[in-house]
Amino acid sequence: MSDEATGADDVGEPFGASSPWTGEARVLLERAIERHGGWAAWRRMGGLALTLRSLTGLVPRWKGVDDTFPMPKRADVWARRGLVVMHDFPAAGRRGVFATGQAQILEGELLLEARADPRGSFSGFRKQRRWAPLDAQYFFGYALAHYHSLPFSLTAARPLGVRRTRSAGRALTGVTVELPPTLHTHCRRQTFFFDAEGLLRRHDYVADIIGWWARGAHHWEDLVEVDGIPIARRRRVVARLGRVELPSVALDARFGDVAALGGAAPQRPRLVLV
């Protein structure tokens with residue numbers, strides 16, 4: 001996937017003359033981009049190696065973690081390319097790959113499973129199924145790719161309005177956006193809340209592939225800097241009703257080591273349509 005496809009400009013002025021980002025929404029996003037390292041840090045960003053320590057909550061348990069699919073333990077995320085590689089997933093010596101919206105499982109150079117349109121497999125009653133490894137690869141792949149492109153990729157979104165709320169004892173200012181239809185993410189309309197410094201602290205969305213009711217408030221916690229960009233080592237999603245957070249924990253992912261990956265992103269395996 002190109003930088004354009006991920007919604008992130010690589011060269012030139014991020015806010016062009018025709019940009020829909022104006023007024024308070026633009027000031028909010030500009031401050032957030034600067035606080036997250038600025039355009040220079042984003043343009044030189046390579047990959048991230050993430051080690052997952054635990055994955056709990058209603059959604060992983062319902063969908064079959066440690067039953068129908070294993071917990072991913074290490075993922076390499078190349079956010080500017082929309083590429084995520086999960087190592088030893090779903091078994092030792094294998095790897096899951098999310099690239100350009102497609103999901104694949106390989107062993108060495110042998111392609112074991114692939115789905116060219118995994119999104120299309122989550123429709124109607126099929127949303128209720130427990131996940132096979134390829135389903136989990138798609139969900140966690142697109143999620144990690146999108147999360148680690150923020151807030152930079154928001155320049156490709158259309159702002160719909162500024163919002164304010166209090167969460168975890170903080171006053172937050174957010175913007176509701178409509179994301180590009182080509183972007184693989186939870187849903188097209190999402191809200192991103194920032195603290196007074198510009199750090200992304202909460203992210204509201206509906207996880208469409210789970211169901212229309214899967215409304216979450218996603219908290220970005222335990223931030224560490226990698227090459228000048230803050231990275232969340234805890235991602236805690238609670239259910240919500242409107243903007244009101246509920247006590248139910250939908251997902252709680254806790255990461256250990258986070259490290260920068262040097263060199264170029266790996267070549268994507270050739271996809272065989274199945």
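1. Rings of Phe, Tyr and Trp (its six-membered ring) form a pair if their centres lie within 6.5 Å; planes under 30 degrees apart count as stacked, over 60 as edge-to-face and the rest as tilted. Searching the whole structure turns up 14 aromatic pairs. One of them joins Phe-122 and Tyr-138, stacked at 6.1 Å centre to centre with 25° between the planes.

2. A word on the source: this is a predicted model, where local features need pLDDT of at least 70, side-chain atom pairs count only at pLDDT 80 or more, and totals for chains, interfaces and linings use all residues. Residues are numbered from 1 along each chain as its sequence is written, and side-chain values use heavy atoms, with hydrogens and water left out.

3. Now look around Phe-122. Phe-122 is buried, with a relative accessible area of 5%, and Tyr-138 is buried at 0% (buried means under 20% relative accessible area, exposed over 50%, partly exposed in between, with a 1.4 Å probe and protein chains only). Both belong to one aromatic cluster, which also includes Trp-131 and Phe-139.

4. Which charged end sits over the ring of Phe-122? That of Arg-129, 4.5 Å from the ring centre (the rule: NZ of Lys or CZ of Arg within 6 Å of the ring centre and within 35 degrees of the ring normal). Lys-63 likewise lies over the face of Trp-62, at 3.9 Å from the ring centre.
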